[in-house]
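Student: Could you walk me through this one? I'd like to start with the overall picture and then go down to single residues.

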Amino acid sequence: MEMTAAEVFFQQVVNGLSNGMIIALIALGYTMVYGIVELINWAHGDLFMLGAFFALTLVGIFGVTEASGMGATGTIVVLLFSSALFCGTFNYAVDWVAYRPLRKAPKLTLLVTAIGISFIFVNIGLFWGGLPMEVFGGGNSAAAPKDFPPLVPAQALFGNEEKVHVSVRDGLVFGVTVPLMIALWWLVRHTKLGTAMRAVAQNPTAASLMGINVDRVIGATFFIGGALGGFASVVYSLYNNTISFQMGFRAGMDAFTAAVLGGIGSLPGAVLGGLLIGLTRSMSDQYLETQWTNTIVFAILILILVFRPSGLLGLRAKEKV
Amino acid sequence: MSSEAPNPTGDRALAPEAGAWRGTPRPWLADLILLAIAMLVPIVDVASGGLGLIAPAKSIFIFAIVALGLNVVTGFTGLLHLGIAAFMAIGVYAFAILTNESYPFRLSFWPALFLTLPIGAIAGFVLGSPTLGLRGDYLAIVTLGFGEIVQDVLRNVETVTQGTQGINPVAKPFVPWFVAAEDGTRTFAWTRISVAGDLAWYILLLLILIGVVVFVRNLERSRIGRAWMSVREDELASKAMGIPPVRTKMSAFATGAALAAFAGGLWASTLDSTGEPANYDFQVSILALCIVIVGGMGSVTGVLVGAVVMVGANDIVLDRLTQFIQQQKLVSDANVLGSPNNWKYMLFGLALVFMMRFKPDGLVSRKGSGSRTGGRA
């Protein structure tokens, strides 16, 4: 059955929103860290990639490879939370080891360090893919993309499967990302830690004079941002069924563009930017040629940085001198 | 950065501290030592029956030129540039299109090579003019995005660039060299260097690199070079002294792009092909950045040392180790850890992280030894 032009469009809207929510979840990690230490955490995309490899390792250990009722549901919950814990802890540890000693160094020193960390992560991902486990292809070709088992069926949740529909996978994406975003908003707005985070973002010196342990707050930010990347990695893997050690760069650039588009430092901005980038990607894939999609995303990134560096929702003043 | 005087402009000053333009006390001495080594290498190589050092040296020389270009932007002017490979790619493709038979220009080697300089400068100008007012980290991202866009365009506009096939053959230089005559004797005559002519390439590239080093060293001491460094040290103060920051940054950007494109032209000619666009990806930009950072930001000698260390490690040491391990069957081929070539990302990553943490000045500090305490406050 052929889909009409309108149906194709609406299906692409659904796909774009789902991908956009995943991008938004990663973008939140960028924007939180940037808001607090003004570091473009380059390695965040690659941390996301490591989260997916961690999840695939767990899948291999559990031996669950098919969507089968409660078993799969339980596995997915375990995957989500353990990957989040892994990424959060890893991000926290990297902050401790690599970024904390450079807290007072020039900002670009920190950025170059983050680029270095990102390369180290990519290499860890390459080695990880060489593990002699069946899920990694028996360790025969470390660099090859890995199949992530389809634990979530692609069938329709709402709508006609051959026409416009929202699949169970789309449901999973929204079911995981929306509660996480609400939880994050609540944490930042209504908890003591969130208040401390906003204070440090505004003025670290004043915050520390008010008795806030700045290093601990920054560490917590890295942990939470990393954990969101971990959740995103599992959702991404279940949605797309393929992971590769090189996917962090692409995902990271999409998410960073989303964060910049929405206004870096702004949480609602990151979500808005993620959705817009997701929609842009799916529309470009559909109506232009796929090979130009990345170019369009990068062009958006450059245009926003040049003409409206504060993004759509950002209010950040110009650089402090 | 010393702890008592934190840099107020923080963001663009990767290597702050004033008065750096004087350089090391005798910069030429270090350069001459490097030159002597560069002249000894082929002699030792040939005399010992071929250690295989000459062929990989070509990429050391070419990446030294790319990195000297990046050094103008990042080292002298203090702007983090993450897309230098794009300008190299522009030079590669410009050179190929200017010389390949299927395009209307059909220039020979030297005119095409020197045309890559203005082409690169114009490309740098096009990217730089709207973006150089941006703050440091945003500028870095813009250069990265530009690098990716150039790669995509080269891959996708197949009617012009042949897509992933690349353009070949391209022009090769016409130089006096030994030619084997029919009776087996060798005469000295004008001839074209082939891809396999490693020794001839070595000498030619070394001579060109010497020219570039002399050019950059003179530029460093010129009015514009001092303006670059004053913008790096303190943009506000230099503006107050009458140096227009955006125009100064623009000239650095265009110069860096021109040098990278020039190196790209040489690269295409040594390969006799453009290769595919993915050969000029983010990793290549980071290789150039590693050369500048490991060698010592803002130091010409440092960049040369950095090129030997980084490209040498990347192209010679890791490759040799990989071959050795495979021949000796030390580990099974399937073992991903056992192949040193699989450690390349780690090499770059660790180089950046450790240099930033412990020796942000690089191996060859542009201020001479003992004047810095390190980059930590």
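Tutor: In chain B, residues 24 or more positions apart account for 74% of the contacts with a separation of 6 or more. Please keep in mind throughout that this is a predicted model.

Student: And what share of such contacts in chain A joins residues at least 24 apart?

Tutor: Among contacts in chain A between residues at least 6 apart in sequence, the share is 75%.

Student: How many helices and strands are there in chain A?

Tutor: Chain A has 11 helices and four strands, while chain B has 13 helices and two strands.

Student: What about burial and surface in the two chains?

Tutor: In chain A, 57% of the 321 residues count as buried, and in chain B 57% of the 377 residues do.

Student: What radius of gyration does chain A have, and what would a compact globule have?

Tutor: Chain A has a radius of gyration of 20 Å, which agrees with the value near 20 Å that a compact globule of 321 residues would have. Taken along the principal axes, its C-alpha atoms fill a box of roughly 65 × 45 × 35 Å.

Student: Let's turn to charges. How many positive and negative side chains are in chain A?

Tutor: There are 17 positive and 16 negative side chains in chain A, and the centres of these two sets lie 19 Å apart.

Student: How many salt bridges does the structure hold?

Tutor: Over all chains, the structure holds 16 salt bridges. One of them joins A:Arg250 and A:Asp254, whose closest N and O atoms are 3.3 Å apart.

Student: Where do A:Arg250 and A:Asp254 sit?

Tutor: Both belong to helix α9 of chain A, residues 247-262, and because they are four residues apart in that helix they are separated by about one helical turn. A:Arg250 is partly exposed, at 22% relative accessibility, whereas A:Asp254 is buried at 6%.

Student: Which residues are linked in a network of salt bridges?

Tutor: The network links A:Glu38, A:Lys107, B:Arg135 and B:Asp137. Within it, B:Arg135 forms a salt bridge with B:Asp137, the closest N and O atoms being 3.3 Å apart. B:Arg135 counts as buried at 12% relative accessibility, and B:Asp137 is also buried, at 4%.

Student: What is the phi of A:Glu38?

Tutor: Phi of A:Glu38 is near 55°, a positive value in a residue other than glycine, and A:Glu38 is found in the loop between α1 (5-37) and α2 (44-62) of chain A. Most residues other than glycine have a negative phi, and most peptide bonds are trans.

Student: Which peptide bond is cis, then?

Tutor: The bond from B:Asn168 to B:Pro169 is cis, with omega near -5°. B:Pro169 is placed in the loop between α6 (158-161) and β1 (174-180) of chain B. The loop between α6 and β1 of chain B also holds B:Gln162, which has a positive phi of about 60° although it is not a glycine; B:Gln162 is partly exposed, at 29% relative accessibility.

Student: Last topic, packing: what does B:Asn71 touch?

Tutor: B:Asn71, in helix α2 (residues 54-76) of chain B, is buried with a relative accessible area of 0%. Not counting residues up to four places away in sequence, its contacts include B:Phe76, B:Val292, B:Met297 and B:Val303.

Student: And how far apart are A:Leu275 and A:Met21?

Tutor: A:Leu275 and A:Met21 are 254 residues apart in sequence and 6.0 Å apart in space, C-alpha to C-alpha. A:Leu275 is in helix α10 (residues 267-287) of chain A and counts as partly exposed at 22% relative accessibility.

Terms used:
Residues are numbered from 1 along each chain as its sequence is written. Chains are lettered from A and ligands numbered from 1 in the order in which they are written. This is a predicted model: local features need pLDDT of at least 70, side-chain atom pairs count only at pLDDT 80 or more; totals for chains, interfaces and linings use all residues. Side-chain values use heavy atoms; hydrogens and water are left out. The radius of gyration is taken over C-alpha atoms; the globule rule is 2.2 Å times the number of residues to the power 0.38. Buried means under 20% relative accessible area, exposed over 50%, partly exposed in between (1.4 Å probe, protein chains only). Contact means heavy atoms within 4.5 Å. Lys and Arg count as positive and Asp and Glu as negative; His and the chain ends are not counted. The place of a charge is taken as NZ of Lys, CZ of Arg, CG of Asp or CD of Glu. A salt bridge is a side-chain nitrogen of Lys or Arg within 4 Å of a carboxyl oxygen of Asp or Glu.
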